[in-house]
Amino acid sequence: MTLNIVLLGPPGVGKGTYAGLLSKKYSIPNISVGDLFRNAIKNETPLGKRIKSIVSSGELVPDDIVIELVKDRLNEPDCKNGFLLDGYPRTVPQAEAMMTFKKVDIALNFVAPDEEIMSRIGGRRTCSKCAAIYHVKNIPPKVEGVCDKCKGELIQRSDEKPDVIKNRLEVYRQKTKPVADYLRTKGLVADIDANYPIAEVDTIIAQVAKYLDKLV
Ligand code: AMP
């Protein structure tokens, strides 16, 4: 029995937060492709140098690079019983490739209105050390600008500035929305209403559990 889960939905809908909670609840690793890229950039690896300007502009990294990276990561032993994949597939060719190298059990498609998304991403702050996520209004840290968990500095990611957010939402509409349509034709999509304040995150997780508990 596996629990191979992909998370769909626009940037800022909260996939990272839900993935963290679900990863604990179902004891499966949480793999964020965005984090893999950001680490590569931070560590100035050859991959990081190649993709730095693409990621900071909110454009998508070319499919061949992403497909190779994700395929290798999902073949690591910790993914044997399942995984939560956040940020892939983001194009139809990535989804088609995935069908050839990994079985997908379910695609959770998180949905919320555009205005809500803009406010969620615009207020988001990320720990520069441990990548924990906060929000200036919805999930404030105890001390402004400082991570509760590791005392690292909280920063606004360069791709979370207003102009870049707009571009990311446009890229999402054009390239990533069709992924949900494609996976729907395979009967894999579960739509999850994510238009709840963070204090009600349990409501969102409960909707997900309804689907996942049938699979385990
Ligand atoms: P995220 O944190 O998931 O929003 O990802 C941050 C950035 O990493 C995106 O804006 C893209 O530049 C890049 N990225 C992440 N996942 C993918 C993917 N599946 N395909 C192409 N680019 C990606």
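Reader: In β8, what is the bridge partner of F110?
Author: The partner is I192. Strands here are DSSP runs (E, at least two residues), and helices are H or I runs of at least four, numbered from the N terminus.

Reader: What sort of model is this?
Author: This is a predicted model: local features need pLDDT of at least 70, side-chain atom pairs count only at pLDDT 80 or more, and totals for chains, interfaces and linings use all residues. Residues are numbered from 1 along each chain as its sequence is written, and side-chain values use heavy atoms, with hydrogens and water left out.

Reader: Back to β8. How many bridges join β4 to β8?
Author: There are 5, and the two strands run parallel. Strand β4 covers residues 106-111. Two strands pair if DSSP finds at least two bridges between them.

Reader: In what order do the strands of the sheet come?
Author: The order is β2-β3-β1-β4-β8. These 5 strands form an open sheet with parallel pairing. At the edges are β2 (30-32) and β8 (189-193), each pairing on one side only. From one strand to the next, the twist averages 25 degrees.

Reader: Which strands does helix α8 lie across?
Author: Helix α8 (residues 201-215) lies across β1 (3-8), β4 and β8. Its angle to β8 is about 160 degrees. Axes are lines fitted to C-alpha atoms, for helices over the stretch in contact (heavy atoms within 4.5 Å). Angles run from 0 to 180 degrees between N-to-C directions.

Reader: New topic. Where does N30 lie?
Author: N30 is in strand β2.

Reader: Why does N30 count as partly exposed?
Author: Because its relative accessibility is 34%. Buried means under 20% relative accessible area, exposed over 50%, and partly exposed in between (1.4 Å probe, protein chains only).

Reader: What is N30 in contact with, leaving aside neighbours within four places in sequence?
Author: G16, A19, G20, S23, L84 and D86.

Reader: Now the ligand. How many residues surround it?
Author: 16 residues do, each with a heavy atom within 4 Å of the ligand. The closest are E59, G87, R90, Q94 and R168. Helix α2 (residues 33-42) gives the most to this shell, with 4 residues.

Reader: Which atom of R90 lies 2.9 Å from an oxygen atom of the ligand?
Author: A polar side-chain atom. In Q94, a side-chain N or O atom is 2.9 Å from a ligand nitrogen. For G87, a backbone N or O atom lies 2.7 Å from a nitrogen of the ligand.

Note on methods. Polar contact = N/O pair within 3.5 Å; in protein donor to acceptor, adjacent residues only side chain to side chain.
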